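Hi there,

Here is the structure I promised to pass along.

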Amino acid sequence: AGFTPTSINTTATVTLDKTDAGFTVTESHLDMTAKIPGIDAEKFTAIANGAKAGCPISRLLNAKISLDAKLEV
């Protein structure tokens, strides 16, 4: 999107269900904090939500994905 982050820190909390075949990821919650010069909160939120929706790993897991994205000032 033309912005260069100074930092991005993300923590994932994953919920697993045990099945006869092994384990399945049912939920993943992401806490993300980023410092990005020159971006406003609205644009940051739109980009973060777009990345969440288009993430190939999230789609592969076929799990409920939630995101709390915070922009540091």
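The largest nonpolar core is made up of seven residues: Met32, Ala34, Ile36, Ile39, Phe44, Ala48 and Leu67. By nonpolar core I mean buried Ala, Val, Leu, Ile, Met, Phe, Trp, Tyr and Cys residues joined through side-chain atoms within 4.5 Å, with buried meaning under 20% relative accessible area (1.4 Å probe, protein chains only). Two elements, β2 (22–35) and α1, each give two or more residues to this core.

Please keep in mind that this is a predicted model, where local features need pLDDT of at least 70 and side-chain atom pairs count only at pLDDT 80 or more, while totals for chains, interfaces and linings use all residues. Residues are numbered from 1 along each chain as its sequence is written, and side-chain values use heavy atoms, leaving out hydrogens and water.

As for the overall layout, the protein chain has two helices and three strands, taken as DSSP runs (helices H or I, at least four residues; strands E, at least two). From the N terminus on, they run β-β-α-α-β. Helix α1 covers residues 41–54, and a side-chain oxygen of Asp40 caps its N-terminal end, 3.2 Å from the backbone nitrogen of Glu42.

The C-alpha atoms fill a box of roughly 50 × 20 × 15 Å along the principal axes. Buried residues make up 16% of the 73 residues in the protein chain.

Best wishes

Note on methods. The expected span of a helix is 1.5 Å times one less than its number of residues. A polar contact is a pair of N or O atoms within 3.5 Å; within protein, one must be able to donate a hydrogen and the other to accept it, and residues adjacent in sequence count only if both atoms are side-chain atoms. Buried means under 20% relative accessible area, exposed over 50%, partly exposed in between (1.4 Å probe, protein chains only).
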